[in-house]
Amino acid sequence: MMQLSNMSKSFGKQTILQDVSIDISANQITGLIGPSGTGKTTLIKCLMGMEKYDTGSIQIDDTAVPNRKLLNKIGYMAQSDSLYHDLTGLENIQFFAHMYGRKISNKAVQSTLNLVQLEQDKNKLVAHYSGGMKRRLSLAIALINQPEYLILDEPTVGIDPVLKLNIWDQLHDLKKESTLLITTHIMDEAMKCDQLLLMKNKGIAASGTPQEILENFGVSDIDQVFLKLEEIEYANASAD
Ligand SMILES: Nc1ncnc2c1ncn2[C@@H]1O[C@H](COP(=O)(O)OP(=O)(O)OP(=O)(O)O)[C@@H](O)[C@H]1O
């Protein structure tokens, strides 16, 4: 389980996250959603120990973050791809598997390459990949290492709709062994998550299953929840 307690983070004078407390349940897909710039990536980086937080605490499996031992348990797919352009797609997969200290069967490599539709292009240099191909390769690398925790920052940006559905099926399969945290801007993807954390104003404005959140706000889609939150904020500001 991942746990943040009263965690705060500022960059200079700008407070990005204030007093954030969340529990991310095991073997579920938790979606972190919110407008651009609300601190989703910052929260993920703090959770992974890539960014120092100012106050509060973060724990993964009862171990305080940062801790080097935790890194082996976490697979991370960043927004900006960190691939080796002078290696082929297949060589990148092999390189990262080696880095994670995993022995991965050819069958697993094959089926993941098929899933992200890169089988045909596995021997091409990544330098010659399109943006969408690079994202699919990053996703393959995150999936293939089967980490206990899989953190995906906007994994389906630039991926076509049919492939997106296959990837979501695969993510739901992975839940048996992994705990997933996914950021997304895409509201129909938010509905596919088991739990949602809606970020707004430096913290979590609403949480629960997608259905619970819709019912609590009396709306039919997640975009409307954000509109309602704006209205509540405006009404509170006017009352002050
Ligand atoms: N290293 C940094 N130094 C200073 N400010 C930063 C740094 N990283 C992020 N920020 C600021 O923190 C805020 C939150 O950024 P973050 O990338 O976490 O948002 P986000 O919700 O992930 O956005 P998006 O959905 O657009 O990816 C932004 O105002 C950003 O400019």
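Residues are numbered from 1 along each chain as its sequence is written. Because the model is predicted, local features need pLDDT of at least 70 and side-chain atom pairs count only at pLDDT 80 or more, while totals for chains, interfaces and linings use all residues.

**View 1. Crossing of helices α4 and α5.** Helix α4 (residues 106–115) and helix α5 (residues 131–144) have axes that come within 10 Å and cross at roughly 140 degrees. Helices are DSSP runs of H or I with at least four residues, and strands are runs of E with at least two, numbered from the N terminus. Axes are lines fitted to C-alpha atoms, for helices over the stretch in contact, with angles from 0 to 180 degrees between N-to-C directions. The two helices, α4 and α5, are therefore oblique to each other (under 35 degrees is roughly parallel, over 145 roughly antiparallel, 65 to 115 roughly perpendicular, and the rest oblique).

**View 2. Residues joining α4 and α5.** From α4, A108, V109, T112 and L113 meet A140, L143 and I144 of α5 (contact: C-beta atoms, placed from the backbone, within 7 Å). By class, this contact has six nonpolar, one polar and no charged residues.

**View 3. Contact of domain 1 with domain 2.** The domain assignment gives domain 1 (2–73 + 147–239) and domain 2 (84–145). Their centres, taken over C-alpha atoms, are separated by 26 Å. Twelve residues from domain 1 and eleven residues from domain 2 form the contact. On the domain 1 side, β7 (149–153) and α6 (161–174) each supply at least two residues, and the largest share, four residues, comes from α6.

Conventions:
Contact = placed C-beta atoms within 7 Å. Nonpolar A, V, L, I, M, F, W, Y, C, P; charged D, E, K, R; others polar. Domains from an automatic or database assignment.
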